[in-house]
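Please keep the sequence at hand while reading.

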Amino acid sequence: MVIKCAKRMTFLKASEIREILKVTERPEVISFAGGLPAPELFPIKEIIEVNKIVLEEAGNKALQYTTTEGYEPLRKWIATRMNTKLGTSFDCENILITHGSQQALDLTGKVFLDEGDIVLCESPTYLAAISAFRAYGCDFIEVPTDNEGMLIEKLEKILKNTQKVKLIYIIPDFQNPTGRTWSKQRREQLAKISKDYNVIVIEDNPYGELRFEGEPLPSVKYFDKDGYILCTGSFSKIFCPGFRIGWIAGDKEIIKKYVLVKQGADLQCNTLAQMVIVKYLELHDIDKHIEKIIETYRSRRDVAINIMKKSFPKEIKFTIPQGGLFSWIELPVYINARDVLKTSLEKNIAFVPGGSFFANGGNENTFRINFSNMPEEKIVFGLESLGEVLYGFEHNSAA
Ligand SMILES: Cc1ncc(COP(=O)(O)O)c(C=O)c1O
């Protein structure tokens, strides 16, 4: 049988993380691969209680269709939260509820991208954003980054010399995959550039609430007075990812366009999940819950960093994130992280090679580790073992 698929299917390949996650489902594997939150922190008892209340008080509504825009009390809560935490000035109509922030990225492609358009992204960037946008036939230009975010002169040079730039995609807080955070100055500069060059920015921020130390920074959106910047957010890392509830926030006219494409995609998000979150927020203190997540992840980050300092060969560099879920490792250029993974999987240790986080490939001497998902003793054992594997590569190559 010859199946005639859409041309976009030729742009798509399986997510490397999803493939590695299949291996990591084996109980003996210590996995630094997925971006998974700690499941023992999911508020299961509270969700059971709240679910029951919602169904008893308003079952008919909770099990019925609702609007595409989403459950209004939830949209109001998100607008207020963003205004308080990120310095935005949103109301309910600026918010569309989506199936995780991932759906907001896919809808972004649907709203903005035609074949041959250019997306500018950080180098490296979130790999599932690359696949979401790529399905719409765009090309990518990677903008070089340092510890403070995109290099603004390089970004401007690209914008000056490139036709058809439609979007700039960034993750300014505790970035996936590097764990880095943009400085305030770069945020302000980017907001100005978005206006000067008339280009939409997607500010993706699923990790911003998970700050372990240091002063919180205003969002890039805070510096945007003209509506060029759209923000995505998520309950996945502060509540639980299984509910698949996230959002996109921005200029009301643009949000209306997202509503149109979401109608075609899935009509709406799960009504019960949205109502359960609102009831949880009414009856429980989410800040206290987030504080618990932060304490756990901070301590796991510290353990991971200490072990890498002690057990990895000295020429290996890694980031020390001030929040979030990830650290980014750079090996000497002669070591390929995919080869390291093959050997480490023999010892039942998994991570994600960094190459797939680069929209145009290369950089095979990098990888990402996640520290949020495992108890500390497993982090210690896993990273010590990985250190031994890495010494093997160093010696092999020197020989
Ligand atoms: C940068 C970034 N954006 C978006 C997402 C999607 O998250 P969700 O759809 O669960 O909100 C993730 C998931 O890990 C992510 O790391």
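The lining of the second largest cavity divides by class into seven nonpolar, one polar and one charged residues, where Ala, Val, Leu, Ile, Met, Phe, Trp, Tyr, Cys and Pro count as nonpolar, Asp, Glu, Lys and Arg as charged, and the others, Gly among them, as polar. The model is predicted, with local features needing pLDDT of at least 70 and side-chain atom pairs pLDDT 80 or more, while totals for chains, interfaces and linings use all residues. Residues are numbered from 1 along each chain as its sequence is written, and side-chain values use heavy atoms, without hydrogens and water.

A cavity is a set of points on a 1 Å grid over the protein atoms alone where a 1.4 Å probe fits but cannot get out, and its lining residues have an atom within 4 Å of a point. Two cavities of 30 Å³ or more are present, a volume being the space filled by probe spheres set on grid points joined across faces, edges and corners.

| Cavity | Volume | Lining residues |
|---|---|---|
| Largest | about 60 Å³ | E122, S123, P124, T145, D146, G149, Q175, T178, R180, W182 |

The lining of the largest cavity comprises two nonpolar, five polar and three charged residues.

Key:
1 Å grid on protein atoms, 1.4 Å probe; cavity = no way out; pocket = protein on both sides within 12 Å on 5 of 7 lines; lining within 4 Å.
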